[in-house]
Amino acid sequence: MCNLYAQTKPQDAMRRAFAQIADEGALLEDLTGNLPPMPGIWPDYPAPILRRGAQGLQLSLARWGMPSPPQFLAGKRTDPGVTNIRNLASPHWQRWLRVAHRCLVPFTSFAEPDSRPGPTKGKPVWFALGPDRPLACFAGICTEWTSTRKVKEGEVTVQAFGFLTCDPNREVAHIHPKAMPVILTRPEEWRDWLTKPFDLLRPLQRPLPDGELEIVLEAAHEDPA
């Protein structure tokens with residue numbers, strides 16, 4: 001399960017990348033303020049997402065963790081949210097697969113817990129598309145939701161997000177054999193995810209081809225590169 005990732009590209013770099021998929025004459029609205037590099041994004045942290053807004057594409061902040069299925073909340077006082085979403089046949093998730101609830105989650109690297117025996121077992125192993133950490137996106141979903149995410153915070157209404165997962169490719173399976181995030185690397189995939197009916201996009205819930213990811217850092221809780 002991916003519960004840690006980084007987004008360290010400058011804000012302008014994200015805006016330039018996403019301008020490629022903006023409709024002609026439409027705005028790319030940036031609501032994130034002065035966004036610093038984020039070398040370690042954990043569950044429930046605010047992080048940038050890209051979605052379709054009233055005026056075009058909208059870059060905004062949301063908290064990582066979609067509403068949990070009710071059957072997992074019995075007797076609990078809080079719902080910290082679900083970060084990784086795999087079972088798209090579940091009615092709980094199907095309502096958020098429409099275009100209105102889809103988003104892109106920009107990242108430069110992501111971490112999986114090391115399953116190999118030894119002193120680094122359980123520690124983060126970071127993957128990226130290359131040592132220079134090119135910008136890519138997780139295939140995400142988002143919604144506005146009212147819940148108690150933390151007892152001390154009380155009930156809040158937030159924009160929440162999570163992203164899809166799939167079987168791991170060769171590089172990830174060596175470290176974490178259960179799953180990896182669904183990663184979209186090309187502008188045409190980004191555009192399709194934000195615009196097309198989901199039935200046409202089911203093939204996107206797949207691992208990246210073997211060889212497209214590499215380990216860039218090990219046993220660190222942040223990736224500042």
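Reader: Leaving aside neighbours within four places in sequence, which residues is Asn169 in contact with?

Author: A contact means heavy atoms within 4.5 Å. Leaving aside its neighbours within four places in sequence, Asn169 is in contact with Met180, Pro207, Leu208, Pro209, Asp210 and Leu213. Before we go on, this is a predicted model, where local features need pLDDT of at least 70, side-chain atom pairs count only at pLDDT 80 or more, and totals for chains, interfaces and linings use all residues. Residues are numbered from 1 along each chain as its sequence is written, and side-chain values use heavy atoms, with hydrogens and water left out.

Reader: Good to know. Where is Asn169 found, and is Asn169 buried or exposed?

Author: Helices (H or I, at least four residues) and strands (E, at least two) are DSSP runs, numbered from the N terminus. Asn169 sits in the loop between strand 11 (155-166) and helix 3 (170-173). For burial, the relative accessible area decides: buried is under 20%, exposed is over 50%, and partly exposed is in between, with a 1.4 Å probe and protein chains only. Asn169 has 2%, so this residue counts as buried.

Reader: What does the side chain of Asn169 join in a polar contact?

Author: A polar contact is a pair of N or O atoms within 3.5 Å; within protein, one must be able to donate a hydrogen and the other to accept it, and residues adjacent in sequence count only if both atoms are side-chain atoms. Here the side chains of Asn169 and Glu171 are joined by one of 3.0 Å. A polar atom of the Asn169 side chain also lies 3.1 Å from the backbone nitrogen of Val172.

Reader: Now a loop residue. How is Thr78 placed between strand 5 and strand 6?

Author: Thr78 lies in the loop between strand 5 and strand 6 (84-85). Thr78 has a relative accessible area of 24%, so it is partly exposed. Beyond four places in sequence, its contacts are Leu73, Thr148, Arg149, Lys150 and Val151. Its C-alpha atom is 33 Å from that of Ala128, 50 residues apart along the chain.

Reader: Zooming out, how many helices and strands are in the protein chain?

Author: The chain has 4 helices and 14 strands, and 50% of its 225 residues count as buried. Among contacts with a separation of 6 or more, 71% come from residues 24 or more positions apart.

Reader: Which radius of gyration does the protein chain have?

Author: The radius of gyration is taken over C-alpha atoms, and the globule rule is 2.2 Å times the number of residues to the power 0.38. For 225 residues a compact globule would come out near 17 Å, and the chain has 17 Å, so the two agree. Its C-alpha atoms fill a box of roughly 50 × 45 × 35 Å, taken along the principal axes.
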